[in-house]
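Me: I would like to learn how to read aromatic contacts in a protein model. Could you take me through them step by step, with the structure in view?

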Amino acid sequence: MSANNALHIAVLSGDGIGPEVMAPALEVLRKIEQTTDLKFRFTEAPAGANEYLATGKSMPESTVRLCDEADAILLGACGLPSVRYPDNTEIMPQVELRFHFDLYAGVRPARLIPGVPSPIVGADARGIDLVVIRESTEGLFASMGKGVVTDTEARETLVITRKTSERLFEFSFRLAERRKARGKPGQLTCVDKANVFKAFAFFREMFDEAAKRHPDVKTDRLYVDACSALLVKRPWDFDVMVMENMFGDILSDMTAGLIGGMGMAPSADIGDRHAVFQPCHGTAPDIMGQGKANPTGMILSAAMMLDWLADKHGIEQAAEAAESIERAVDKVYADGIKPMEFGGRNGTADIAKAVLAAL
């Protein structure tokens with residue numbers, strides 16, 4: 001944290017609707033400044049597909065240095081479907097940052113907010129409040145840009161290491177313990193495919209070793225296919241789930257669908273020193289500039305950032321501010337605000353104004 005006690009936040013607004021949802025999140029943080037002793041210093045920097053079109057790079061070195069020096073990184077949606085690298089892969093600075101800063105823990109909460117429709121029968125009464133923890137630097141994604149393609153076949157390599165897995169499990173058990181202290185179940189489920197692949201049997205063995213060091217956390221183990229079925233039948237039975245990168249990529253989107261969609265879903269990629277916070281949704285170029293984007297996921301990502309900063313620096317007021325943002329979001333949805341993806345008329349400005357008023 002900087003000498004003047006202002007938390008330095010790197011702001012990478014990104015592409016498409018990224019800047020449109022970033023603006024309300026920054027307004028919310030400025031409102032937090034007005035009502036608490038917390039202070040922020042925001043520094044904006046370029047990243048994404050438009051930056052690649054202009055310079056040939058997804059991020060300049062100055063952006064990477066800023067992210068290294070900042071207390072936390074707020075990232076809007078990045079990439080555009082029409083802009084690709086020469087190998088036809090998308091421009092994804094969010095993924096590049098994971099590898100650059102070793103952000104091994106992808107944290108994807110899925111909490112059903114009052115008044116938000118879920119496709120799961122009974123969810124409105126039973127509630128959904130779970131967290132997917134996705135290993136974010138290895139697994140099948142370790143092969144990104146390294147796959148071998150010939151005229152007759154293509155091969156990608158899945159990688160699971162002891163060093164990263166042990167850190168991931170320690171992070172996951174600690175999160176389960178923190179949730180238990182806040183009144184949540186504090187249960188951790190390992191999701192894998194250990195019945196078929198040696199790599200996942202290795203993954204599960206390390207999970208079992210970590211479980212012995214955290215006897216107060218109830219644990220479970222599920223194969224990813226069975227887990228997928230249970231998530232759409234009884235999502236309220238889950239608390240914290242930890243899994244390999246590709247499985248986490250898929251299941252985190254599915255759990256977002258359980259709570260109203262990607263516009264409602266915040267996320268974080270966390271390492272030992274750095275952390276990036278961003279909404280789960282994409283850049284949605286089809287609605288860019290129309291005021292239709294839902295800023296909720298971005299606002300809740302800012303709340304996640306405050307909670308992480310509170311834990312990292314021991315700033316209790318930051319944790320309280322994170323909770324106040326979540327309560328404000330809950331209130332505006334309970335009071336009837338309805339984003340356009342739910343068939344409502346409330347766009348970016350309406351939602352932002354309501355959350356600020358509720359704060």
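Predicted model: local features only at pLDDT ≥ 70, side-chain atom pairs only at ≥ 80, totals over all residues.

Reply: Helices and strands are DSSP runs, numbered from the N terminus.

Me: How many aromatic pairs does a search of the whole structure find?

Reply: A pair of aromatic rings is described by the distance of the centres and the angle of the planes. The search of the whole structure finds eight aromatic pairs. In one of them, the ring centres of F40 and F42 are 5.8 Å apart and the planes meet at 20°, so this pair is stacked, the cut-off being under 30 degrees. F40 counts as buried, at 8% relative accessibility.

Me: Is the pair of F169 and F207 stacked or edge-to-face?

Reply: F169 and F207 are edge-to-face, with 5.5 Å from centre to centre and 75° between the planes. Because F169 lies in helix α6 (residues 162–181) and F207 in helix α7 (residues 198–213), the pair ties together parts that are 38 residues apart in sequence. F169 is buried, with a relative accessible area of 0%, and F207 is likewise buried at 0%.

Me: Which residues form one aromatic cluster?

Reply: That cluster is formed by F169, F173, F203 and F207.

Me: And where does the charged end of R134 sit?

Reply: The charged end of R134 sits over the ring of F141, at 5.0 Å from the centre of that ring.

Methods: Residues numbered from 1 in each chain as written. Heavy atoms only, no water. Phe/Tyr/Trp six-rings, centres within 6.5 Å; stacked < 30°, edge-to-face > 60°. Buried < 20%, exposed > 50% of the residue type's maximum accessible area, 1.4 Å probe, protein only. Helix = DSSP H or I, 4+ residues; strand = E, 2+ residues; numbered from the N terminus. Lys NZ or Arg CZ within 6 Å of the ring centre and 35° of its normal.
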